[in-house]
Amino acid sequence: MKESKVTYTDLLSVDFASLESAVADWEKIQSKLKTRAGEAENDMNRKARDAVWEGANAGAVRPFVRKIAEEVGDLRDEAESIHNLISGACKDLISIQKKVKSEAARAKELDIHIKDNGDGTVTCEFPEGDTPVVAPHGEFYGGTGRNRTDKERKDRDEIEQRINSLIGEARTVDGTARYVRKAVGNSKYDAGHATYSSLDDAQSREAADLGKKELRLAAQGKELPTAELSRFRDLTKYNADDPEFATGFYRRMGAKNALRLHAQLGIDASTDGGDKRLKLSRSIQNSMDKSLALATQDGGGKSGDAKHLGSDWRDELKKAGKEPIHLHDPQSPMRGKNAMPEQTVLGYQALSNMLRHGKYDKDFLTEIGNDMVETERGMDRGSGGWPGPQGPRREADMNLDPKGGRGFDPMVGLMKGLSNNPDAATDFFNGNTGGGSEDDAPKKMSNFDYFLGRRQEDGGLQPRDWSADGGEKADALGKDAMGSALEAATTGRTPGDSDGPSKHSAEQADLFHKTVRRLGDSEMEPWMRHGGKLAPLQSHMGDMAADYMRDIQRAITDTPPGLLAEYGEDAQLSEVGKDRLGRFVRNASQDPDGYASIMHSSHGISAELMREAMHDPPEGHSLSEAASMGAQPGAHVAAQAAEGRADGIEAAEDKVGAAERYNESLEKKQELVGQIVDMGLGKLPYGSDAASQVAGAVQEAVFGHYQKDPEEIALQVEEGRRDFLTNERRSEAETMKEIAKTVGGRAGVEGESLDWVASSVYRDVDNGFPQK
């Protein structure tokens, strides 16, 4: 069938009234044929079956009547299919047109011109032009002189991207005609026999057919033609958010074929497939991932009651996960029907790459994840037992995500999937595997211990090895993925989301308690330092610490009860011990992002603490004593963070570059201050406006005193670490002094009293800042 020619102009101008009229007509036709088919079967054909036929025509009339009834039934099915197809296409196209017009209206408001390229794409431009020009004094202008901000350029690019996506979706829907033709059939004397319950049903069938064709061709040393690969990409891309399509596609593919297809696309595209096929295959893989995630969940879809794949499909998947999958290299010299496969992997290796994108059902993810871990634990070589790249083309990859590794270590994809579903991650790390009744079943062990250090016979701890994808980079990538999953599990948030900390559940708080106890232990310190086995966790430790900063500040000093309100369940960090907690903060601060997260969140909490202390000092205590009590926990946190910053710069080969990254991270993570301050001060009577002002003052104080000249800091750390820590202590004293002034005014302290309080805070922090 010819490619759809729908353009942007078509979508703006087309009137779908005639299509809506056709939908209404076919609704009447299929309704009438439904009645006639019932009459033909229940009246005519039933009577013919029950009648006693005799004579010369007896043997011919009854089959003739049955054939007529069947043909009327086929006509009914044909009419229903046509109605279902054009009805779905009409609804989708009208919805797409509405969205395109909305984007066009927004573009007009932003003074953006939309150019129809005539090939199914548009280009968005500013009328004055937007060619980058840098004037001698460094200012950035559009092509004709009008200054275009980064936000304007971002808005333009997003509108262009959305419109092009909508046109692509419309072109995919426009292919409905191919299904109508199948439903009608090739004979004007015989009704078609392809029936479709909906447009989604038809498209999922086509996608599954293309997927199976790719597998057949791969077994012969061939590939799906690029045009068909493009069609497959469109079907999966524009239906990636449609549960009905997703469920239908995966039911038709079957679990093992779906795993093999995903992996085969990677092998094909990564072995001299060319840039176009690489881009198409990567898009298909990502869309398949999102579709499978949707297909594991109940609800959604156009009807609102789309059903997930169910336990039978899940059981089939678990069986396929442990079985070999044979993959073929299309560039191999061994072609033909009897060619040997170039790669053999296990199904779970393919599945793990599908878990990277989308949010999977919690029960599905934890059940499959536990089975993957138990499968690995049952291997003779543990994590080294998964098959790696084989054959003459060892550079072949199963995963085409440029930042996701090669795809042979299944735990990397599992960790990515868990980080997208924090509830599943919490259950997973609090769960365990092993302990079954089989003779060869591994012993019961918690997933937390398996990944973060299990006790060996010699008494030492051994974390999971992440070298299955090969090399230091793959090892670090796997551990970073584990850090993301652990962060999601403890915080209840997807790493990198823009929301502030949420209230922690008992399960999350207990898991963070275990994490601090384990990663802050002196036995683990060599692993946590620069180049250590678990150093890639540092930034995630910083994010976790930021989320639990209230708990940390309550435990790191003897903070009076009730001074700092709880937010969700308490992680009971006082039971961990101040030394372990200090090491956890220090180790996390060896990473610039970890350091910035800790410093910003800690100062946000200190602002709340000092405000509360000064607002209503306990009887017998002065304002100065109360303010210093509020500043003390944050000062202790800053002391440990300063040690970590010094360690991080000292261990780096490029010390100046490391010092600069600390500056960059402080700027990048500044939004944490606003989130933390708003959690506390934003809920007080004077409201979020004042909280915003406090957050701004805290940010300014932190930037002013902690962003420093990289060359100077690098030299200071290298030649006089004690001097560096002394300067950090004074920076903290200055920062706390400015915060005290800001929140003291909000607590009703004014004039000379406020100056005295702020100076007292400075003196106490400067004198009490712990030294190494």
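**A close look at Arg 464**

A: Happy to! The side chain of Arg 464 makes a polar contact with the side chain of Glu 376 at 2.8 Å, and another with the side chain of Asp 409 at 2.9 Å. A polar contact here is a pair of N or O atoms within 3.5 Å; within protein, one must be able to donate a hydrogen and the other to accept it, and residues adjacent in sequence count only if both atoms are side-chain atoms. This is a predicted model, in which local features need pLDDT of at least 70 and side-chain atom pairs count only at pLDDT 80 or more, while totals for chains, interfaces and linings use all residues. Residues are numbered from 1 along each chain as its sequence is written, and side-chain values use heavy atoms, with hydrogens and water left out.

Arg 464 sits in the loop between strand S10 (461-462) and helix H17 (471-491); helices (H or I, at least four residues) and strands (E, at least two) are DSSP runs, numbered from the N terminus. Its relative accessible area is 2%, so Arg 464 is buried (under 20%; exposed is over 50%, partly exposed in between, with a 1.4 Å probe and protein chains only). Leaving aside neighbours within four places in sequence, the contacts of Arg 464 (heavy atoms within 4.5 Å) include Trp 386, Met 411, Tyr 450 and Phe 451.

Phe 451 also touches Met 415, as do Trp 466, Ala 481 and Met 482, among others. Met 415, with Phe 249 and Leu 414, has the most contacts inside the largest nonpolar core, which has 143 residues. Such a core is a set of buried Ala, Val, Leu, Ile, Met, Phe, Trp, Tyr and Cys residues joined through side-chain atoms within 4.5 Å.

A pocket, on a 1 Å grid over the protein atoms alone, is an open set of points where a 1.4 Å probe fits, with protein on both sides within 12 Å along at least five of seven lines; lining residues have an atom within 4 Å of a point.

The largest pocket has a volume of about 1,700 Å³, and H4 supplies the largest share of its lining, ten residues.

Terms used:
Grid points are joined across faces, edges and corners, and a volume is the space filled by probe spheres set on the points.
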